[in-house]
Amino acid sequence: MFRPINVIEIKVIKIPVKNNHQFWIYYTVAWFFYAISLAAVFVVGGDSNVLNVLINVLCNVASAFLLGILVVSFCQKFKWSEGKQFTFVFVHILVASSFAFFWCFFTLVNLSIWVLLRDGFWAFNWWGNYALQWQLLSGLMAYLTISSSVYVQQTNEILRIESKKNAELEMRAIQAESAQRQAELSALRAKLNPHFLFNTLHTLMALVRTDARLAEEAIERFALMLRYVLQSQKEEKDERFDVLFADEWTFIQNYLELENLRLGERLKVKSEIDPATLDVRLPAFLLQSLVENSVKWAVSPRAIGGEIWIKANLEGELLHISVKDNGDGAILENALNANGFGLRLIREILVTRYGDSASLTIETASNKGFTASLVIPA
């Protein structure tokens with residue numbers, strides 16, 4: 001038996017960042033409230049001319065609003081990098097200073113143009129030291145607010161995309177695990193291998209000529225086995241396609257009876273099955289796989305044959321199953337790595353189906369027989 005390999009192709013989909021209209025709405029509303037606050041400052045400062053207040057506010061806020069759009073564009077392109085932290089901070093200090101300077105400059109230019117239109121002569125407006133310092137500080141604060149908002153938006157967008165990707169990958173992992181589990185269980189079912197079928201058919205052909213009654217019984221057992229295989233294949237589409245231990249044990253008995261026709265007295269089987277175990281469910285063909293291994297390696301190759309002991313009992317909430325033979329045994333490491341045993345496949349099925357709640361234990365050595373023990377939650 002070989003373990004099937006599912007090749008899973010994961011395509012990384014680049015999700016474009018959509019324009020966040022809410023961001024621009026918040027951006028506009030923020031400057032609107034700033035304009036109202038600035039107008040209140042002018043009114044409290046003694047300027048009662050409504051038109052003059054509106055023009056001053058417009059000249060101030062319009063410059064900041066347009067420069068802020070450039071800041072948003074810059075921050076969207078100039079992204080944070082763990083390896084260039086100093087450069088990141090230094091560049092932003094330069095850009096923030098430039099933003100504050102140009103905000104002051106264009107505001108003063110706008111006010112000078114307004115004076116030119118109103119009075120008919122050019123005179124470049126200039127603020128006092130206090131007003132200039134306040135404007136520069138406001139520029140730095142405005143830049144910090146705008147850039148922070150952009151990076152917060154970028155971070156949220158990245159987290160959203162990563163969350164979506166993780167959800168997709170998790171879903172694919174679940175689907176892959178389910179497909180892997182079905183493939184593994186299908187492979188385990190396939191362990192009713194062609195050699196057994198071939199040998200059984202030859203035995204039946206011989207019996208038909210020599211003992212028709214025994215051949216009829218054998219054919220009936222063989223039909224029951226095939227029905228069990230087909231039924232389990234139909235049910236494997238279900239997420240929990242387990243079978244009753246009673247059905248698995250009946251399948252094993254039919255299998256051993258057919259092998260007994262071929263091996264005769266070389267095959268000796270002793271069983272100790274607790275009736276309480278018959279209602280427990282387990283993945284199909286787990287027990288059959290272990291029994292077949294013993295027949296294949298401990299009985300068939302040896303002229304003297306061999307003996308197999310099968311035991312099943314309940315201990316609390318756990319089903320204990322052991323299959324032991326008195327064959328030549330094996331080096332444990334070789335047994336675990338040999339494809340013929342299929343032990344790694346059984347172990348992976350247990351891990352996939354039960355996690356840490358189930359186990360497969362092997363006891364063997366050269367010329368010391370072979371024992372496989374299963375523990376499954378009941």
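Guide: Helices (H or I, at least four residues) and strands (E, at least two) are DSSP runs, numbered from the N terminus. The model is predicted, so local features need pLDDT of at least 70 and side-chain atom pairs count only at pLDDT 80 or more, while totals for chains, interfaces and linings use all residues. Residues are numbered from 1 along each chain as its sequence is written, and side-chain values use heavy atoms, leaving out hydrogens and water.

Visitor: How many aromatic pairs does a search of the whole structure find?

Guide: Rings of Phe, Tyr and Trp (its six-membered ring) pair if their centres lie within 6.5 Å; planes under 30 degrees apart are stacked, over 60 edge-to-face, and the rest tilted. Here the search finds 20 aromatic pairs. In one of them, Trp31 and Trp103 are edge-to-face, at 5.8 Å centre to centre with 85° between the planes. This pair links distant parts of the chain, 72 residues apart: Trp31 belongs to helix H1 (residues 21-44) and Trp103 to helix H3 (residues 85-119).

Visitor: Are Trp31 and Trp103 buried or exposed?

Guide: Buried means under 20% relative accessible area, exposed over 50%, and partly exposed in between (1.4 Å probe, protein chains only). Both Trp31 and Trp103 are buried.

Visitor: Why is the pair of Phe102 and Phe106 stacked?

Guide: The pair counts as stacked because the ring centres of Phe102 and Phe106 are 6.0 Å apart and their planes lie at 25°. About one helical turn separates Phe102 from Phe106, because they are 4 residues apart in helix H3. Phe102 is partly exposed, at 36% relative accessibility, and Phe106 is partly exposed at 35%.
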